[in-house]
Amino acid sequence: MNRMYQVSTLQALAMGYTRSVVTVGELRSHGTTGLGTFNGVDGEMIMIDGRCYRAKEDGSVFEADDEMGVPFASVSNFKGERSFVTEEDLDIGKLKDVLNNKIEEKFGLNSMHIVTLEGEFEVVHARSESPTYSIHVSLKEILSKTQKSFEFDNIKGTMVCVYYPDYMDGINASGWHLHFISDDRTRGGHVFELKMKAGASGKVDKINNIELQLPLEPVFDTYSLKQASEKEIKQVEQGKE
C-alpha cells in the first residue's frame with residue numbers, strides 16, 4: 001500500500017505556521033519523492049530519488065542538509081507503477097489535463113498521486129523565496145516580500161507533480177502542485193507556467209493512505225486555520241495574484 005507522509009497542513013502554512021515540524025533527515029526516512037518547503041519558507045523543496053534539494057530565491061539548487069527544518073511537505077516512497085509518454089507539446093494547462101486523464105484511467109480522482117515527468121522544456125517559469133522567521137504572519141504576506149520569479153530556457157529536467165483531491169483541500173492544495181529540477185540538479189523551483197516538448201517520460205503512483213504529522217509545540221494551537229480562504233490558498237499555490 002502506497003502512503004503519503006504529510007508534514008502539517010497547507011492551511012497552517014498559509015496562516016503563517018512556518019516553523020520546523022520535522023528535519024530533512026526525518027522526512028527522508030518517510031519517502032523518496034515529493035514537495036515542500038523549509039523552516040521560515042527558506043526556498044522550495046524538491047525531493048527526488050531519495051535526495052532532498054532546496055531551490056533558493058534565484059532558482060539555484062543545493063542539496064539540503066539533514067538537519068534543516070521542514071514546516072510543510074508531502075512525500076512518498078515512489079515506485080513509478082505506471083508509465084506514459086507525452087504525445088504533444090504542452091503548456092501547464094494542457095499538462096494538467098494530461099495528468100488528470102492519466103489518473104482518471106484508473107478511476108483515481110478521489111485518491112492522491114505523485115507523478116514524475118522527465119523531458120525537455122522550451123521554458124519553465126518558476127519561483128522561490130528567501131526565509132522570513134515570524135509568527136502569525138500569513139504566507140501571502142511573506143511571499144509578497146520574499147518571492148522571486150525566474151525563467152529557465154531550453155532545459156532538460158524533471159517535474160515532480162503531487163495531486164490531492166478536492167475534498168482534501170486545506171490539508172494540501174487541491175489539484176496539481178508542480179516543482180521542477182534540472183537534470184544537473186543546479187536549477188529549480190515552484191512552477192506556475194511552462195512549455196514542455198513532446199516525448200516526455202512520465203511515471204505515476206496512486207496513493208491511498210496518508211500519515212499526517214501535525215506540529216507538536218503549543219503555539220500551533222493558537223492558529224485559526226479555517227481563516228485561510230480557498231482563494232488565498234490558490235493565490236499562494238499559483239505563485240501570483
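Thr37 counts as buried because its relative accessibility is 4%, where buried means under 20% relative accessible area, exposed over 50% and partly exposed in between (1.4 Å probe, protein chains only). Thr37 sits in strand β3 (residues 33–37); helices (H or I, at least four residues) and strands (E, at least two) are DSSP runs, numbered from the N terminus. Between Thr37 and Ser128 there are 91 residues in sequence, and their C-alpha atoms are 9.6 Å apart in space.

The model is predicted, so local features need pLDDT of at least 70 and side-chain atom pairs count only at pLDDT 80 or more, while totals for chains, interfaces and linings use all residues. Residues are numbered from 1 along each chain as its sequence is written, and side-chain values use heavy atoms, with hydrogens and water left out.

Next come the aromatic rings. Rings of Phe, Tyr and Trp (its six-membered ring) pair if their centres lie within 6.5 Å; planes under 30 degrees apart count as stacked, over 60 as edge-to-face and the rest as tilted. By this rule there are six aromatic pairs. One of them joins Phe152 and Phe180, whose ring centres are 6.0 Å apart and whose planes stand at 35°, so the pair is tilted. This pair links distant parts of the chain, with Phe152 in strand β12 (residues 147–164) and Phe180 in strand β13 (residues 175–182), 28 residues apart. Phe152 and Phe180 are both buried.

Tyr163 and Trp176 also form a tilted aromatic pair, with 5.0 Å from centre to centre and 50° between the planes. Here too distant parts of the chain are linked: Tyr163 lies in strand β12 and Trp176 in strand β13, 13 residues apart. Tyr163 is buried because its relative accessible area is 6%, and Trp176 counts as buried at 5% relative accessibility. Ring pairs also link Phe121, Phe150, Phe152 and Phe180 into a cluster.

The last topic is the backbone in two loops. Most residues other than glycine have a negative phi. His136 has a positive phi, near 60°. His136 is in the loop between β11 (112–129) and α4 (139–146), and is partly exposed, with a relative accessible area of 43%. Arg185 likewise has a positive phi near 60°, and its place is in the loop between β13 and β14 (188–196).
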